[in-house]
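This report describes a protein chain, from its overall make-up to individual side-chain pairs.

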Amino acid sequence: MAATELRGVVGPGPAAIAAPGGGGGAGPPAVGGGGGRGDAGPGSGVASTTAAAAGGPGPGAGGVAAGGPGSAPPAAGSGGSGAGGSGSAREGWLFKWTNYIKGYQRRWFVLSNGLLSYYRSKAEMRHTCRGTINLATANITVEDSCNFIISNGGAQTYHLKASSEVERQRWVTALELAKAKAVKMLAESDESGDEESVSQTDKTELQNTLRTLSSKVEDLSTCNDLIAKHGTALQRSLSELESLKLPAESNEKIKQVNERATLFRITSNAMINACRDFLMLAQTHSKKWQKSLQYERDQRIRLEETLEQLAKQHNHLERAFRGATVLPANTPGSAGSGKDQCCSGKGDMSDEDDENEFFDAPEIITMPENLGHKRTGSNISGASSDISLDEQYKHQLEETKKEKRTRIPYKPNYSLNLWSIMKNCIGKELSKIPMPVNFNEPLSMLQRLTEDLEYHELLDRAAKCENSLEQLCYVAAFTVSSYSTTVFRTSKPFNPLLGETFELDRLEENGYRSLCEQVSHHPPAAAHHAESKNGWTLRQEIKITSKFRGKYLSIMPLGTIHCIFHATGHHYTWKKVTTTVHNIIVGKLWIDQSGEIDIINHKTGDKCNLKFVPYSYFSRDIARKVTGEVTDPSGKVHFALLGTWDEKMDCFKVQPASGENGGDARQRGHEAEESRVMLWKRNPLPKNAENMYYFSELALTLNAWEGGTAPTDSRLRPDQRLMENGRWDEANAEKQRLEEKQRLSRKKREAEAMKATEDGTPYDPYKALWFERKKDPVTKELTHVYRGEYWECKEKQDWGSCPDIF
């Protein structure tokens, strides 16, 4: 016992000294990688005694302090099923990547009940868990012979390394089995079961913590008793020594030792009293903390139940209100007034409640019988008064192409339980998940891409600029203007079918025409080409990636936008920023843009850097702010840009500095204010835009029927047309039919490719119809570039090469 205590007091055991940090080939080289003493600090005699009494190694000694020199912990990665009698599936040492300074650090990992937890040492299992990841929602990826990664798609990602390939395979096998078991248990339980299991896990964790604390308090009491007993025995031994007849020098030494022992006894008594007080306080307050924790847990459960009840009550009230508002439309002889009432009712209730349940359309929308139409041979269904509006616009367009529609059928207030649909989408790519049209607006992504041209006049003005730096200012304003339509547009556009196209011919009215085509389905990618007789060409290929994070949705457009001016040959490129939709589940949806855009003139070297400042609740700055600087190739700033992406952009000419004192700086600021030029200002929204998906004037015209377009044009997409006309149930059924048709086409292509591979015959993968994939000479990227012939085919009405996608 004395030897054990002595080793614990002297310092760390051999295992603690040998514990590697990031060195020794355990991972990528990192500064300060060697040395692992931080993982296991020196133990104490008391700790070693306690650990020995508890049957385990003391902290920091790696088992040496309690069990002797021969009981060092195993090498990294070692461990077995149920090691240590803990009932865990597997536990042992692994190297975990921490950061670039410390590199890989050795940690003790425990796999139990579908949870992987880790600790700095085995002894730490009783009091401090450093992290836990749930394998039910985790992905396990093998990197190389010894490394593997565990990630749950969120903030938790463990980069781990085993001591050998065999050990790594044992861990991966155990993790995969635990994951399969956890997923199976999760699938068998419903929502309430999940909540109960989570609550049960919390309770189990709390009980384990309380049990550990109680054990530590008992250890502390034992140590106090031992100190008191040993102190008394020491005092008695010294008293016996004094009673013996010894030389005078010995008596002096004994007296001196006795005084020190007395001081030790006083100090020990003080410590014992303090520990006793601490024990009493801990026992008193632990009950209070336990009660407070249980109270908070009960409050949370009650709050969730109350929220659910409120959502149901709100839903019933909405149904009752809509029934009272819409039902009079069926009264005989009141078709016109009934329709107006229906529209106004929809307009008042245009803000959807995310927590409502989904009900069929007949409970929400009732149409006058005398306005019904029978289904025709086309894919576009009737039975709605809104169909007659489209037919009316169709006749108007036939009379004069200059007449554009200024309204669309009002958005019906369909209710749905958003959480029941979105809870399974967290961390996933939304483009791969079939979503109902309730989340959509009646426009496709191709049409939304075409909306970038709403402020095409900025490019017209840029084409007339003789100064390249001034031209760059207008290009920057055009870049910002493309985001102005997204302020209130919280609904997602339809994901286009592969081969779907959209044309916008405004050559007579505005001098430009545009063509978009969906060139890839996974990942979704659309190619866009627009050319203007005013001297510019705009082309882009945009791949949309989106991730649902629970509270918000991130939309990341990937791809480069090119703008070429014919007269000067100036070639500009830039990329889009990230769009974030906040309050997906609870609260009012709102959109923010964040990131930086670098617009580069590849001919002159001029550059504009735009910064989209993300919204911050604590910032006093204006919301949706955008700042920018236009610089020449040497880096000298010539223009400063300032504004917001939803309202306007201003330009300031930067005068050359005449000095470095504050007065000159103020003078330059005054001169800059005088040189302010408004580059762009957002057009006002149409009347009643809140009832029409907050569409701009251009967006209202994009889905209007036009004759002579390609059979793959988005205007002819039946589910989108049904949704625009308020028939969302039929639109959902039609959307499923189209998606299934697309899946069958993809499987057919895959089967043909596999057969061609087996036969050794050449097979051409899917190729876009109006665009061809080639390497861009400027950006060196592979991109789809317009190859021509579309407008010639439209003039001849030769659409024989178009696929049947609708």
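The sections below cover the overall fold, aromatic pairs, charges over rings, salt bridges and a few single residues.

## Overall make-up

The model is predicted. The protein has 18 helices and 25 strands. Of its 806 residues, 43% are buried.

Contacts between residues at least 6 apart in sequence include a share of 58% that join residues at least 24 apart.

## Aromatic pairs

A total of 16 aromatic pairs is found in the structure. One of them joins Tyr-118 and Tyr-158, whose ring centres are 5.5 Å apart; the planes meet at 85°, so the pair is edge-to-face. Tyr-118 belongs to strand 3 (residues 115-119) and Tyr-158 to strand 7 (residues 157-161), so the pair ties together parts 40 residues apart in sequence. Tyr-118 counts as buried because its relative accessible area is 11%, under the 20% limit. Tyr-158, at 6% relative accessibility, is buried as well.

Tyr-790 and Trp-791 make another edge-to-face pair, with 5.0 Å from centre to centre and 90° between the planes. Both Tyr-790 and Trp-791 are buried. These two residues also belong to an aromatic cluster, together with Trp-770 and Trp-799.

## Charges over rings

The charged end of Lys-576 is placed over the ring of Tyr-483, at 5.4 Å from the ring centre.

Arg-624 lies over the face of Trp-645, and here the distance to the ring centre is 5.8 Å. Arg-624 is located in the loop between strand 19 (607-612) and strand 20 (625-631). Its phi is positive, about 60°, although Arg-624 is not a glycine. With a relative accessibility of 28%, Arg-624 counts as partly exposed.

## Salt bridges

The whole structure contains 34 salt bridges. In one of them, Asp-776 and Arg-539 meet through their side chains at 2.8 Å, N to O. This pair links distant parts of the chain, 237 residues apart: Asp-776 is in the loop between strand 24 (771-775) and strand 25 (782-786), while Arg-539 is in strand 13 (residues 536-548). Asp-776 and Arg-539 are both buried.

The salt bridge between Glu-739 and Lys-735 has an N to O distance of 2.6 Å. Glu-739 and Lys-735 are four residues apart in helix 17 (residues 728-759), so about one helical turn separates them. Both residues of this pair, Glu-739 and Lys-735, are buried. Arg-448 and Glu-451 form a further salt bridge, at 3.9 Å, N to O. Arg-448 is buried at 15% relative accessibility, and Glu-451 is buried at 3%. Arg-448 and Glu-451 are also part of a network of salt bridges that includes Glu-441 and Arg-489.

## Two further residues

His-529 is part of strand 12 (residues 525-532). With 12% relative accessibility, His-529 is buried. Beyond its neighbours within four places in sequence, His-529 contacts Arg-513, Ser-514, Leu-515, Thr-537, Leu-538, Arg-539, Phe-771 and Tyr-786. Among these contacts is Arg-539, the residue that forms a salt bridge with Asp-776.

Tyr-694 is in the loop between strand 23 (677-681) and helix 15 (697-702). Although Tyr-694 is a residue other than glycine, its phi has a positive value, near 60°. Tyr-694 is partly exposed, at a relative accessible area of 27%.

Note on methods. Residues are numbered from 1 along each chain as its sequence is written. This is a predicted model: local features need pLDDT of at least 70, side-chain atom pairs count only at pLDDT 80 or more; totals for chains, interfaces and linings use all residues. Side-chain values use heavy atoms; hydrogens and water are left out. Helices (H or I, at least four residues) and strands (E, at least two) are DSSP runs, numbered from the N terminus. Buried means under 20% relative accessible area, exposed over 50%, partly exposed in between (1.4 Å probe, protein chains only). Contact means heavy atoms within 4.5 Å. Rings of Phe, Tyr and Trp (its six-membered ring) pair if their centres lie within 6.5 Å; planes under 30 degrees apart count as stacked, over 60 as edge-to-face and the rest as tilted. A charge sits over a ring if NZ of Lys or CZ of Arg is within 6 Å of the ring centre and within 35 degrees of the ring normal. A salt bridge is a side-chain nitrogen of Lys or Arg within 4 Å of a carboxyl oxygen of Asp or Glu.
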